[in-house]
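Dear colleague,

I am passing on the structure below, and after it I have written out what was found. Please read the notes with the structure open beside them.

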Amino acid sequence: MIQKSSEALSRRAFLGMAGAATSMMVLASSCSKNDDDNMMNNGVDLGSGDVGILNYAYALEQLEAAFYTRVAQSPYNGISASEKALLTDIRDHEIAHREFFKSALAGAAISNLEFDFSAVDFSSRASVLATAKAFEDLGVSAYNGAGKLIVTPDYLTLAGKIVSVEARHAAYIRDLISNGSFADNTVVDMNGLDTSRMPADVLAVAAGFIKTKINASNLPR
Amino acid sequence: MEFQHIINEIKKVDPEMPERLSDRRTAMKSFAGIGAKIGLAALPFFIGSIFKKAYAQSGPSQNVVLDVLNYALTLEYLEAEFYAMGIAKGTALVPAGAPAAAIKTIGDHEAAHVEFLKTAITASGGTPVSKPTFDFTAGGTFANVFSDYATFLAVAQTFEDTGVRAYKGRAAEITGGGDLLTAALNIHSVEARHAAHIRTMRKANGFGDVKPWITGKESGIGSVVQASYDGEEMSTQAGINIVNINGAMISASAATEAFDEGLTKEQVLAIVGPFIVQ
């Protein structure tokens, strides 16, 4: 039933939304000429409504994919065969997520973001895994927090399909750092609930790694 | 009071109004805080805007929310009792140290989920379903579930992966469900963390050639649990083929791993049915 409904969410439906979003962006840019420069000079605009949330997810997947691409290109010292294989898997999952959002959003997709990973020592296992852990936990909390902002049920299902994979990544990375920390009390509270964060909080954390300025002011709250 | 009078008036034209309002727990919560923050004279205006909010948003009905929460509670009862019984066997079943600690962490979470969901259901105006009687051998299929570590972990993996799919399969029904949706999502990702760890434990012990994520529809267990994995082999999402998408080298395996799939209520009940005596 669920599979049928997500298959029914055709590319055309996405494109239809994308068209609407594009015309809204054109409208926004034309009105900004008469107004002040708030809308134009505030970085890459994620947009509003469900498209905004999808672009927000797209931005985070771009970040993760770029990070793991670097990890796979220059594996850290002493990496085991198993770690290399599974970190490459994660890279492929994040690229799959990124490209999925790019295709789904089509004309409404934000541009390619630029990243700054200068804080990461890619030769160091500890540095790479600490960053990976931060990104995966952040990703899980971002999808969990954005869920209630999504209006279209099929998009919520899609977000759900991705967030559990991010949670699997988070658990694996955490276990690599310290076996048994897959769901410790730094991310899971006394009710057994994972962490959720709203977009502004997530982007504030991610901003340290993203060169491109992102304007999230039109996202639903 | 004026407020009650307003509600009674609306009830005359919309008998379902109180139900709609009670779905809007956050709206009502903000209403409760309003009196303290602003003068009473301004109240009617705020009441009006809350009503508008409650009607304008297209959220799930109270019945749907309660049905989903009670469904989740049934699955959490299953998991919580399973781990509690496993832990009670001590080191005869789960080796001391990291394995026992991990099973305790997971068991504690499942027990917490049971309590949380009971509270959430009651607070939403419903009645929590009572705990079924379970048979974790599933009528003898897993006869040694509490004496053989490999079988115990195989059943644990199946429960966790099924749990992830169960929450995912019904999330869309509570779209717009506010904080209750967030809570369900926060449980969903914890189940995924559990699943990843149990899968890692099975791999480390040589019990199954599995990764923390699900490849194709492989269980790494056997045909007896296949229903929990069927459908995971999807490599197309929303009409978009993920294999080699946009020129990226994405294998068919990676394409299926990158997205977990939901299960319907009927599929999940068929899977857990053999474990439920009554």
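In this predicted model, helices H3(A) and H5(A) cross in a left-handed way, a crossing being left-handed if the near helix is turned anticlockwise from the far one by less than a right angle, and right-handed if clockwise. Helix H3 (residues 49-73) of chain A packs against H5(A) at an angle of about 165°, with the axes 11 Å apart, the axes being lines fitted to C-alpha atoms over the stretch in contact and the angles running from 0 to 180 degrees between N-to-C directions. H3(A) is therefore roughly antiparallel to H5(A), a term for angles over 145 degrees.

Among the residues that meet are A:Leu60, A:Phe67 and A:Val71 in H3(A) and A:Phe135, A:Gly139 and A:Ala142 in H5(A), where contact asks for C-beta atoms, placed from the backbone, within 7 Å.

Helix H5 (residues 125-146) of chain A has 22 residues, of which 16 are buried, that is, with 20 or more other C-beta atoms within 10 Å of their own, again placed from the backbone. In chain A as a whole, buried residues make up 49% of the 221 residues.

Chain A holds 7 helices and 2 strands, which are DSSP runs (helices H or I, at least four residues; strands E, at least two) numbered from the N terminus.

Residues are numbered from 1 along each chain as its sequence is written, while chains are lettered from A and ligands numbered from 1 in the order in which they are written. Local features need pLDDT of at least 70 and side-chain atom pairs count only at pLDDT 80 or more, whereas totals for chains, interfaces and linings use all residues.

Best wishes

Terms used:
Expected span 1.5 Å × (residues − 1). Buried ≥ 20, exposed ≤ 12 C-beta atoms within 10 Å, placed from the backbone. Parallel < 35°, antiparallel > 145°, perpendicular 65-115°, else oblique. Contact = placed C-beta atoms within 7 Å.
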